[in-house]
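Colleague: I have not looked at this one before. Can you take me through it?
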Amino acid sequence: METLVNGKETITQKKTMPGAEAVICSLLAEGVDTIFGYPGGAIMPIYDALYSYQDRIEHILVRHEQGAVHAAQGFARVRNEVGVVFATSGPGATNLITGIADAQIDSTPLVCITGQVTSGLLGTDAFQETDVIGISMPVTKWNYQITDAREIPEILAKAFYIAKSGRPGPVLVDITKDAQFASMEYAYQKCTEIRTYHPIPVIKQDKLKKAAALINEAKRPFLLVGQGVLIAQAQEVLKDLIEKAHIPSAWTILGLSALDNDHPLNMGMLGMHGNYAPNVLTNECDVLIAVGMRFDDRVTGDLSKYARQAKVIHIEIDSSEIDKNVKAHVPVIGDAKQVLEALLPLVKENDHQPWLDRFHELHQIEEEKIINNDLYPQSKGIRMGEVVRHISEATKGEAIVVTDVGQHQMVTSRYYGFKSPHSSVTSGGLGTMGFALPAAMGAKVGKPDRPVVAIIGDGGFQMTLQELGTIFQYNIPVKIVILNNSFLGMVRQWQQLFFERRYSFTELKNPDFTAIARGFSIESQKVGEREQLPQAIAQMLSHPGAYLLEVTVEKEENVFPMVPSGAAVADIRME
Amino acid sequence: MSNTNNVKLASELLEKDQEKRSFNLSILTENKSGLLNAVTIIFTRRKINIESINVSETEVEGVSRYTIVIESTREQAEKVVKRIRKVIDVFWAFVYENDEIFYQEIALYKVPTRAFLNGDNAEHLVRNNGARILVIEEDFIIIEKTGHQHETRDLLEKLKPYGVLEFVRSGRIAMSKSTRRTDLFLQELHNHH
Ligand SMILES: Cc1ncc(C[n+]2csc(CCOP(=O)(O)OP(=O)(O)O)c2C)c(N)n1
C-alpha cells in the first residue's frame, strides 16, 4: 500500500481489504504509533489485522480496560496528541466509561474503538452486546457505530479530527464484527472540515480591543491560567503577555506547568487547596483575565462571592463556557494562542509592583503558617510535602509528574516545582481515583526520554494496581511513589473538619506494597524515617527500570489552606 | 434616571431572568440517527422536562429542525442552547420566548359517530371552534383542530360530554418573526467560521 502525503491531506491509493485491516491502515494514516487495548470476541478481527502490522504500530496490552483509557489519557496529555484505545464489546466497552468520562471533563483527545456484535444481532441481547453508543453518548464529544465496512476510513478520519480540534475530547467508534470482516475498497483522506462543526472560532476584534483596554487601565490585574493554554501551546505568548503588562498569574490544577513554577509572576494554585494569596486576591483584583479555564466550583467556591468587584475577561475556545459560571464582561471566544498573540501588541508595558507586593505579603503568611511546616516539618512523622520537595529537588523539576486523587494530589500540585509545560498529569474534573498508575504508564510510553514519577495514595493505588502487570510486561520504567497514610486521607480530612471526626469507613488495612511490587518483579523499597528519604528517592530515580517506593507518612496530616466547599475564596482557611 | 431607579430596573431584570416560563428552542441539524438522543440527554442531565418536541424536515434538503418547548429560566434556557450548539451534527440552535414566534399545535379528537347523529350540537361545536371533521367512519369521527394548547384543550372539554374515545396533540411547531432564509443563514454560518 502506498501512502502519498500531499500537504495536509493524506490520500492512499485504493486497495481491497477487510474492514478490520482498514481500521489499522486508518490509524497509520493518522500517524498513530501506539494503541492501549484489551481484546475479546467482538474485536478479534481487528486484533488479527493488527498482528500483521506489529512492526509499525505498538499495542500495549493492559490488565483492565479502565487502565487502557487512563494510559491513553496520560499519553495524550504529555504528547498533546490523540490517544488510541481498543476494547471489546459488552464489559470491555463498559470498563472504558470511567476513563472516557474523565477525558471528557478534562478535555483530553481520545479515539476509543470498540468491537460490537454482528449487526444482525443488535438489540437481541446477544452475548456481550451492550448499547455502548447510548452509554457513552453523555461522556463523549462524539460517537458513532459502524455497521458497514465502507464507512471505516471516513468515520475514523472524522473521529480524529473531532477528538483533536477545538476543545479536545474523547470520541468512541463502535464497529460491528461483520463490518470488521467485510471486504472494502480502502482509501484514506484526512478530515479537515465538518459542515456543522466550527472548532476554531474567529476572534472578534471589538472584544479584543475591549479586553486590551481593560488590561491597560487595570490597577490590579490578575490572570488565571487554565489547561486551554497548554492545549493551544500558548505558554510562550502567555509569558510574553504577563511580563509585558506585569500581571500576576495563578493556575488551575489542569493549567499546572503551563507557567514554570519559579517564574516571578507565578503566584501559585487557585481553588480549594490552592495558595492563600491568589485565592484571597481574586476578591481584590480589578480585572480578572481567565485564559482557557471554566471556573470550576473547586476553583471558585461560592460563586455569589467570587470576584464580584472585578471586570472579567474570559478567553475561551468553547463558547458554552462563557457566562456558564461566572459572567464575563468581555468574552473573547477563540483559541488561547491566537487570542493572546493578537492581544500582545495591544497591551501596554506596565508596572504593578505594589499589587504584586500584596501577593508576596500574603504568601509570606502562608509560608510561615503552612508551607515551612509542610516542607521542613519538625514532627516525627514524614509529611507528604517534604517527600514531594525531595522528589522535586532530585528531578530538578524536570520530571513528568502524575498524581492520583486525594491529599497527595493537592500536596504534589502545590509543591512540585515544574519547569516545563505538559509535565503535570492528573484527573482534575472527575477526580478519578485509580487514574495515576495507568496514566503514568501512558505518559512514559508517550515521552520515553523523560522521567515519569507517579505519586499515589494508598487508596487510589489499590484501584488500578493490576497495571503493574503491564509495566512489568513492557518494561515501562515509571517511578511509583505511594504516600501511605493508611487512610482515604482526603475523605478522612473532611470527616475530621466537617463531620466531627467520625471516621466512617476511611481507615485502610493495607497489604505490603513492596511485596506486591516484587510479585511483578518490580524493584521496591519502603521507608518510614525522614533520614531515609533522600537516599531512597535517589535510588528510585537512578534505577534503570520501574520502581516502587512506599513512604509511610503521617496518618492524620491535613492539607491546608482550604476553601471549604461552598465557602468564598476569600474565606480560605489556614487551619 | 436616578440611581435607585437603575437599581430597581436591574433587579427587575434579574428577577425576570430567574422566572420560569416557556422557552422555544429551534434547532437546525443534520438528519442523522442517534441525534435525537444526543440532544435530549442534555435536558435529562439538567433535569429539565421537555414539554413538547417536534422534529421535521426543513426546506433545505438534509437539514432537520427540532422544535423543543421547555419551562425554565432565561439563564438556564440560554445555557442549554449553548450546549446544544456543541453537538457535532447541530448547525445552530435558537432560543425564543413565546412572543418572538408564531406557533401552532395540531390536535385530533376521536368521538363516536352516534354522538353526531343526535341533533347537530356536535357539528356546531366543530364549526364554532375553528375545527374540522377529518374523517367520518361508521363508528367514529375524527375531528382536527389547529391552535394553541389552551384552545385545543378547550375543545376537548367541550367534546367530553359526547364521549371522547381518543385525543392526541402534536408537539409545537414554531416560526420566528425574522425574515431570515434558512439556506442563506446556514451558508453565512459556514462562511463566518
Ligand atoms: C473512584 C473514586 N472513588 C471515590 C472517590 C472519593 N475520594 C476522593 S479522595 C479519596 C481518598 C483518597 O485516598 P488515598 O488514595 O489514600 O489518597 P490520600 O487522600 O490519602 O492522599 C476518596 C475516597 C474518588 N475521588 N474516586
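Predicted model: local features only at pLDDT ≥ 70, side-chain atom pairs only at ≥ 80, totals over all residues.

Colleague: Fine. At what angle do the axes of helix 9 and helix 14 of chain A cross?

Modeller: Helix 9 (residues 205-217) and helix 14 (residues 336-343) of chain A cross at roughly 60°, and their axes come within 10 Å. The crossing is right-handed.

Colleague: Which residues of the two helices meet?

Modeller: From helix 9 of chain A, Leu208(A), Ala211(A), Ala212(A) and Ile215(A); from helix 14 of chain A, Val339(A), Ala342(A) and Leu343(A). By class, that contact has seven nonpolar residues, with no polar and no charged ones.

Colleague: Now the sheet. What is the strand order?

Modeller: The order in chain A is 5-4-6-7-9-8, an open sheet of six strands with parallel pairing. Strand 5 (58-61) and strand 8 (142-146) of chain A each have a single partner strand, so one side of each has no neighbour in the sheet. From one strand to the next, the twist averages 20°.

Colleague: And what packs on the sheet?

Modeller: Helix 3 (residues 65-79) of chain A does, touching strand 4 (34-37), strand 6 (83-87) and strand 7 (110-116) of chain A. Its direction makes about 170° with that of strand 6 of chain A.

Colleague: Back to strand 8 of chain A: how many bridges join it to strand 9?

Modeller: Five, and strands 8 and 9 of chain A run parallel. In one of the pairs, Trp142(A) has Val171(A) in strand 9 of chain A as its bridge partner.

Notes:
Residues numbered from 1 in each chain as written. Chains lettered and ligands numbered in written order. Heavy atoms only, no water. Pairing = 2+ DSSP bridges. Helix = DSSP H or I, 4+ residues; strand = E, 2+ residues; numbered from the N terminus. Axes fitted to C-alpha atoms, helices over the stretch in contact; angles between N-to-C directions. Contact = heavy atoms within 4.5 Å. Left-handed = near helix turned anticlockwise from the far one by under 90°. Nonpolar A, V, L, I, M, F, W, Y, C, P; charged D, E, K, R; others polar.
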